Structure formats: structure tokens, C-alpha cells
Amino acid sequence: MTRSRAAGLWPLLLLTLVAGCRGCPSPFPPIHIVPNMDHQEKAQPQGESAFFYDGMVMRAPLAGTVARGDLDRAPSLATGRDASGEILAASPIELDEVVLARGEERYAIYCQPCHDPRGNGRGILFEYGSVPTPSFHDEQRRGYSDGRVFDIITHGSGLMQGYAWPIPPEDRWAIVAHVRRLQQERVTAEAVAMAP
Amino acid sequence: MSRAAQEYWRSREQRDGDPSVRPFVEREFQEGASELPEGVSRRSLIQLVGASLSLAGLAACRRPVEHIVPFVRAPEDMLPGIPRLFATTMPSGLDAVGLLVTSHEGRPTKIEGNEVHPASLGATSAWAQASILDLYDPDRSQQVLHQGQRASWQAFVDAWRALEPEHLADGGARLAVITRPFASPTLARLIAALRARFPQARVVGYEPVGDELILRGLEAATGAPTLPLLHPERARVVVAIDSDFLLTGTGSVAHARRFADGRRVASSDGTMSRLWSIEAVHSLTGANADHRLPLRSDQIAPFVAALGSRLGIGTGLALDAGPATFDSAWLEALAADLEAHRGASLLTAGRRQAPAVHAAIHALNQGLGNLGVTVEYARLADAVLPDTTAFAATLESMRAGEISTLLLLGANPLYDAPAELDAAGALAAVETSIHLGLHTDETGAATTWHLPEAHFLEAWGDARAIDGTVGVVQPLIAPLYEGRSAIELLAVIAGEAAPPPTLPEGETADAAAPPPTPEPASGYDAVRATWRQILGTTQSLALDGGWERVVHDGLLSSATSWAGIPLAAGTGATAAPPASAGARSASDVALDLVLVDSPRVFDGRYANNAWLQELPDAITKVTWDNPAMLAPATAAELGLRNEDLVRIAAGDRQIEVPVWIVPGMAPGTVAVELGYGRAFGGRVADGVGANVYPLRSADAPYLVAGVRVERSGSRREIAQTQDHGSMEGRPIVREATLEAYRAHPEFARKAVEVPHTRALWKEEWSYEQGYQWGMTIDLNACTGCNACVIACQAENNVPVVGRDEVRRGREMHWLRIDRYFAGDEAAPQTVFHPVPCMQCENAPCEQVCPVTATVHDAEGLNVMVYNRCIGTRYCLNNCPYKVRRFNYFNFTKHTPQVLRLQNNPDVTVRSRGVMEKCTYCTQRINERKIAAKLEERTLRDGEVRTACQQACPSQAIQFGNILDGASAVAQAKAEPRNYTLLDELLTKPRTSYLAKLRNPHQELAETHQVEGHAPAGSGQATRDHGDDSA
């Protein structure tokens, strides 16, 4: 009698063990029986290292160092400034359809989430998080020089981070060209709207 | 013509059929290779396994937690995973090597040559390749020490400021600086500033191994201390007199490249230079010689004198009164050859020879019209030269209490100064001694202050190569520890202030007055201040980006070489020469001890570099030791065998080293490498080999005459690789004389008959599309310098296994250099034979792998899939070329954190139980292929360069697409000298060799034909090889 009742409890216990553990978070990392060189004694990009005090294996480049290829670009193209350190008035690159298409594509990747496709500053981040983003189409920003726009993309402005790291200078100038086109289209549209 | 295969031998034991080497030939896995290390019994193993199994469910099997640590503000131009290249310069005594360093996310990982550097043209030495390991050396000095206690730089600067007034008051009469010799504009400027501030201070250059004797000899002959710049590519006859200009001599990278250029024979009507070598110790240069005369050290000066008198050129050397101990026919042939090539010959003497010999060599070069053609002299600007006399005088003053503050810049006299100078006693008499060094070495442990030095990859600087090229030392990473450079230290001592804080790129720094409390100039400021002067004199540079362009290129390209220094007309060495160093007593039983600069650890500065310690020496194939090298005949006379421990005694000082018999050593000579036997060198260096410096005297630094050598009775096993990977009796290396080659251009291909018409395995792939990678190695260009071996190790994360494992035949070098001797063991001929993976199209290894861990890809690479490998080692057993390496242990498990930073992130770090081998640097191929694909083009020839090819000073290695008929590798493979190893197996190797050529002199040509020695088991050579492989 007792034995059979106890036997009847076994499936319940098993069920509790198996089902009860499902969905429970474990404080331990997963079991990994065969190491198989999945984790190696080398420094991976963006990895951590116990050697450096900040825990990063990536080290910032030292001031004044010049890597191979760093001088391939004209300094004004790379920095957006002329020899005396003044911000350029006009874009140093030749504009054509390829550059404009590239600018539109890069804009869609890096700028659109905040600035929206038209440059009104009502991107998806504004919708979700009410991140205040200025429009390109006010008087002040229409008056910015090409170099000023490039400088803002490079170093950021206000809440905006600098985008020098993910976007090479040529692409930044292409985005500048695209922003200029958006502004120009709005000016033309406003003029048409005012005309009749 | 060419030799039969049986005439080559790897070691005397192998040639004579000594049973001790049979295991290395017959057994793929050495005795004990599969067993556990000593001291682990089967029982304890089961206990260990049981313990680890019971722990299995706990922490051991959990996946390690890894975090992503990105930049908060990512720097421009640094993409994770995309390496960048920085040009820099490695200072090396009075010379410098231009480098291009690969940086992965701001960490330097690999050193290559700077291809725009006019001296090296992109090549490097093994030392330059290995210096990346020195940067990450965990034993480097990490903190400022005061009396052995931790202190800070500020504490040191304060202490110096307290000492300063006293030295300023007496003009620095009680201040001395002992520095390693250097050629650097900034260091020279700071030394000048120091001298201006302390006019009485002494600044002395001291180095244990250097070119002081050459400088003194050429100063006597030409009026200025100088070093020769050789142009062997312009010479038809090159004579090396006790000189190792191809490996350890100053400027060797450039010299090796030019020497190889003079010996490239593209077609069967090509010509090549002829190298004669006269030396006591078997050096790499001697091994490359067409004619080599082993001659005792003290006979070399008489030989030069005899050569001079034969040529009718006054050398100023005294002729030996006694009977000539050298072969007069040999001398006659050499003299005839030199006479026939006046103005197109070159003589050079090594750094061990006395100044009088160098003066005589200058006279000979002048008399033969070589000066300005094949021999130029360097203008040693911005340099502090070595001066042992001044060094000894300074030590004397120290002992007399005349010096109160001593500054040691990189020098380590307590380890390497001649014993009779008693550097330790002198140092103890100084009140304040300051030592700047990479390690807390023998000297650093004894000084009042020890300051950690920054590695050259950590600090700004500049350096001049001997051809005059000034290079910038650009840092690749911020100092890992508290290190600072000699420039930064001298800026403190010389009182150079930092420029007032303006714009970082400000050019108006010198206008303003110094601030009231001047900060010492940073290394960058000091170097910029020097270069403002250098660039100011070169107007054209302003147009070209100026300083940024110099840093980018790594050198100032417009102010480079010059056509030699002006020489005082007719200054032959007419003055009475100093007595030749170390005159020997007439006794015949006394031996000469020659102290050799090590091709691995040099003077001891690379002693803590495990790559160099494990690098088999080019000639002896010894690792992890500095044995006493003896000629076979001398060893027989003394009754010594290999690995017998002997006591070498000079006066009352003695050392104990094992014997290593080296064919080709001069009789009556025992040679030991310097730089070993460190006490405070670091974990790798300490206790390896014996320190020979105590036997040295200041008068004759490289020769101790009349030493006693006696057996101590015991033996010490030497870890050496000369019998490893033997392919006995088969025509592995092929060579011919230039004349024979002209008559039979196809000699190499016809050296073996290929018996099979069908391959052993079905050929399923035709390899006719895309890129098909192949390599050629020109044995005629290869000098055997080992740069490729270290380059491969650095690129491919090849582990170091240690002395015991090398002894068991478990060394891991993917690329080994086999050294073969041929002929008379008193004066053998040598062939170097680099062996990487052959990348066979019909690879025998692939057929036997049960888990397809080694397979072929569509581009002809025999690839390893590491994580499929279960370690059966069948592939290794089946490889006819013995190029596979097995991880018997987890050699990388305990890699210190800092050393992990050196590993190439693009290459797997292999674990225990995994087979590995050369992959033709497949990661480099893929990196370039991705880059080309992004640019929507195909790869250009020469775009992919393997690590070994890139490092090679003599450009012996070509690599590329063999389907592209215009590629360098396809053209090399079309040469008649091209042959593949073990052709008869029809494995279709992608790596092929260009046979070696020799250019013997007509009159000595018959001695070139040596009778063959049948090696042990030579019967195998004639057997049909297909049978034993099938």
C-alpha cells in the first residue's frame, strides 16, 4: 500500500524536477564540455584583458602617430579644415550621381533614425523617446557651410555623438551633399508653395 | 657536377652511422614522445583524471564568461579587426633597421621590414622579428627602484634636482654617463646639451660586443672612425676575413640583400660573385662561401700580410716569421682572383680582428681600387662611439671616488665588463648610481636607482642607419609599465624643458620664455625639437607634409646615403700597427678561446627572448645553450665527445660548458658564444648556458690565447635539432658549380629519375581555376640567417616548447632550416635548406586522417581544420617531408596575460592534442582577398606575401599564383634550376626549390669535388621510394 503510493509519487517528482527547472535562470554560464579552442589565449577585437587597468585590449592610438595610408587623403578632406585651421566653406569633393546616391544610402543608415528621411528631426527615436532633434530646415542650419555640417558629423553636437569612427571622410562629405540636397528640395518646394 | 645525395650529411653521427641518431631517422615519434613528462606515473595519472572527472560538473566545464569592452569614444580610422601599419625604426647600436609594424586595435603584434627604407628594402633580421616579444616580456622591469625599494619617477626627478646644484657648481666633474653606443640625432643633441651644462662631465660609450676594433683600425687608416658599407652586388670577388657580415656584422640586413643580388643567376648564362672566407669559427658567412679556409685566429693577420705582399700592397702588418701554417695554393688562388678583378673585389674583416688588420684591409681595398666602388665608409654622425679605454678610465675614477653620480643608459657592466676592470667594486664606490634598463639586470640590481626603460615600440625617438638614413622611432603603444626612454631621462638631466603649452601642433614653441617651473620635455617634444632643425635645412619637405610625412614613411627619404666620406689621400696603414691582439705562446697544446657574438642572444641583450633561445643556431643547430665549439680533429686530440662537460680555464678564472663538435672549425680553437649564463636576465634567460665574460680581458676582447681545456668527467645533454626531420640518403638538396650549370642547366631536375607514371592516389581535382598558390625557395639566395623562422613564429602563434621538449624532438617551428654538410669534415661545404609545408596536391597526410581534419581547398592549400583534429598523428607519420608539428602539451595554457597581447588574433592558438603546420599564411591570403573583393578586382602579383617571404633579407622566397604566367613565382618555377622534393612520390608539391650554385675558382675547383661519405643506411637511397610509401 505504502509502497505503491510511494511509487506513484516518482513520476510527480520527476515532472517537478524537469518541468520545474524549465525557465529558471541559472547564475552560471552554460555547460561547455569540449573546449575545442573556442576560447584562446589571444586578444580579440573588443575583448577584455586583465593586464590593462581599464580592462580593454584595444588601446587608443598615441598622439602624433601616423599610420600607413593616413596621409593618402588631402588634409582638408580628412579634417574639414584648411591649412590655417578654419572650417571649409565648400565641400572639397566633386559631386555626381554616384556620390549623391552614396550619401543617401549612408544617411539612411546612420542619420535617419534621429533625423528622419526628410531631415525634420522627427525620426524613430523622436517617436519612441522624444529625443529632441533639430530640423535641417530652419534658417540657422540652412546657413551652415558645408564644412560646418561635416564638422558636426565628425565631432557631434549637443546630444549627438561624433560619427568619425564608423563613417570615413569621403562618406561624410557624401552625406553633407545629401543633406544639402534635402535642404535645397525643401527651399524649392517652399518657393513653389509660395508661388501661386 | 652535382653531388650524389649520399654525400650530404646532417651530423657526424649520422654520417658515421652512429646508433644514437637512428631513432631520429626511423622513429617518427621519439622515445618517450607519447609518454607523459617524467615524474607522472600511471597511478598518479589515474588519480588526476579521476579528480578532474569528479570536478567536471562544476566550474571546469562552464563556458568562460567573456565581456565585450568597446571604446567609449572610438578613435577615427581604427576599425576593430582591421590591422593598421605604422612605420618605425629599431635602433641597433650604430645602425638602425627600418620597420613596419602591424597594429591590431592599438597593439603591435608583428614586425616587418619597411619597404621604403633604402638600406634594408623591407627585410629584417631575426632580432628585429623577435623584438616584438621583448616588448611583451613579462620579466621586463616594471617600476622605479630606489635601493631595491619601489619608488616613483617623481621621486627620482626630485632626487636628481637635489644633486643638480653640486654638479652645476663644479661643471659636472663628478658626473659620468656610461651609455650604449648609439647614432641618434635627438640623443646626440641631448648629450651635447648635457655637455654644455656640465662641461667636465664624462660621457662614455661602452658595449661588450661591437665594432670598436673596426672603428679604431679605420681611424688609423683613414683619419676618421668609420664603418664599412659593403656593396657585394658590385663585386665579383668577395673576401670575408673572420667576418660574419651576412648575419652578425653591423648592417647585415642590407649586406645580405646586396650579397644575394650579386649571386642571382637568372638564366644559364648568368654570372655570380665568388665568396672567399678565412675564419677560425664556422660562421654563417663562411657557410655561404665558395671557398672557406679554417684558420686559427692568430694566423689571420699573417695571412692578410702574406696576401698583401703577394699582391704587392703594403699592409703594414708584420709577416709571420715562422713557416706559413696555411695552404699556399689557396692563398695563391685567392691572390690571382683578386688581381683579375681589381676594382670589382671586396675585402672585409670581422669585428674580432685587431685594428691593424682593419687598417690592412683598408690598404688592400685601396690598392685594388675597390674604395668608392664596392666599399664605402659610413659617416657616423650623431653618434657616441664605443671606447673601452675611456670606459676603463671611468671605472678607475669611480674606484678612486672621483665620481659621485653615475648614469648608466642601457649598459650592464656588472654582467659583461671584463673581469679585471672590477665593475662591481667601482660601482660600489659611487654615491649615486642610476641605471636605465629594460630589465632589472645584474647592474640594475646593484645601483642606487633603477629606472625602467621604455621599449623602442613604446617611446618616441630617432636613429640613424649606417648608410646615413635617419629614421623616426614612432611608438606603437603607450608604455606598458612605468618605462621612459633614454631621451626622456636625458631631457631631465640636461634640463631640457617642455615647450610652453600651446596648440599641440604649434610651431611657435621656441619663441616664448620658459615657464617658471619647467616640466621636463616629453620624448615627443624632444624629438620634434631636433627634427625642427633637421627639416629646417630641407626646404622641399615643407611641400610634402613635412614632419607628418617623415613619421608616415618612418624615415627622411631625401637626406639619405652619401658616397662615402672624404679620405685623406694615400693614407695607407704605414704607421707601426699596434701589436696583434692576444699573441699566442708557441706551445701547440694551448688552445685559443674565441669569444663569439651570439647570432641568437647577441651580447646577452636578447637572452630573455624565448623565440631566440629556442631558435636552432644556423651552423650548430643547438638551442638553449652555448656549448664549446671544437673542430673534430681537436676534439679527437683531447679525447672529447659531444656533450662532454669541459672546464675552460684562462688564468685563475674558469667556466664549465658542454662540448659541441662543429665541422669546419679551425684546429686548436675553441669558441663559445657570449651572452648566456645570466643571473638577473629574466625567467627565460637565467641559468641557460654559461657566462663567458669573466674569461675576457679588455686588451683582447674576443680572443683568449692559451686556455686549458679539460674534461670535468660529467656530461650535459644539449637540445639540438640537427638530426630531426632527416630525409636521409635522398637527393634533398641539389647543387652544381656555375660551370656545370652552364653545361647542363637541367641538372637539378635530372638528379632523380621519376619511376612512377601514376600517382598513388586518384587525382580528383585539377586545380586549373582561380588562384593556385605556390612557392619557390632559391637555395642559391638563401643564406640560412633564420629570419624567416622567427617571422613564421611571430605571425602564426607558434609556441615555444623549452629545452627538454626540443631534446625529445618536439620543437614546433613550422619552417625549419635544415643544414647539410658535404665533404671533408675539417673544411666542409654547407647547404641551407628551408623546409616549410610542401602543400602537396596529392598530399599523403590527407589520405590517412580519420576525421578529415586536413583537407585540400580549391586554391591548392593543404589546410588544417584544427578543431576537427583528434590527434591521431597519422598525418605526421605519413608526411614524407616531416613538416607537421604536434602539440604534445597545452603549451599556451599558462601564457602570461601580457604575452597573449602579442598573439596574432587572426590565427588560432592551438591547444593540446592538435596537429599544426605551415598554411602559406592563409590568414594573409584571405585578408588580401577580402580587400580585393571590396575593391572589385583580382589580386595582383606580390600583393599576398607570406611572413617568411616578407622577412627574407636575401629575397630567396617567392610566393604567388602559379597559374598567372607573369607572376614572380611562376617565372621562378620556369627556371631550369627548379626542382621539387621527393619528386618520385608524385605528391606534386606546390613548394619547389631552385638548386644551389657554387662558383669555385678554377685552380681550386678539384678540391671542390670531394669523395662521398656513404651515410648510415645509404642503401635506402637507391631503393624504390614508392614502395615504402605505398
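This is a predicted model: local features need pLDDT of at least 70, side-chain atom pairs count only at pLDDT 80 or more; totals for chains, interfaces and linings use all residues.

Trainee: In what order do the elements of chain A run from the N terminus on?
Mentor: They run α-α-α-α-α-α-α-α, so chain A is 28 Å in radius of gyration, well over the 16 Å that the globule rule gives for 196 residues, and more spread out than a compact globule. The elements are DSSP runs, with helices being H or I of at least four residues and strands E of at least two, numbered from the N terminus.
Mentor: Residues are numbered from 1 along each chain as its sequence is written, chains are lettered from A and ligands numbered from 1 in the order written, and side-chain values use heavy atoms, leaving out hydrogens and water.

Trainee: What box do the C-alpha atoms of chain A fill?
Mentor: Roughly 100 × 55 × 30 Å along the principal axes.

Trainee: And how many of the residues in chain A are buried?
Mentor: Buried residues are 31% of the 196, where buried means under 20% relative accessible area with a 1.4 Å probe, counting protein chains only.

Trainee: Switching to chain B, why is α23(B) largely enclosed?
Mentor: Helix α23 of chain B (residues 787–795) is largely enclosed by the rest of the structure because nine of its nine residues are buried. Among them are Cys788(B), Ile790(B) and Glu795(B).

Trainee: What covers them?
Mentor: The cover of the buried residues of α23(B) includes β4 (107–113), α4 (126–135), α28 (922–934) and β30 of chain B. After α23(B) comes Asn797(B), with a positive phi near 55°.

Trainee: You mentioned β30. Which strand does β30(B) pair with?
Mentor: β30(B) (residues 816–822) pairs with β31(B) in the antiparallel sense over seven bridges; pairing requires that DSSP finds at least two bridges between two strands. One of the bridges joins Ala822(B) to Gln829(B) of β31(B). The two strands form a hairpin with six residues between them, and Gly823(B) in the turn has a positive phi of about 90°.

Trainee: Is β31(B) covered or open?
Mentor: Mostly covered: seven of the seven residues of β31(B) (829–835) are buried. Both faces are covered, with Gln829(B), Val831(B), His833(B) and Val835(B) buried on one side and Thr830(B), Phe832(B) and Pro834(B) on the other.

Key. The radius of gyration is taken over C-alpha atoms; the globule rule is 2.2 Å times the number of residues to the power 0.38. Buried means under 20% relative accessible area, exposed over 50%, partly exposed in between (1.4 Å probe, protein chains only). Contact means heavy atoms within 4.5 Å.
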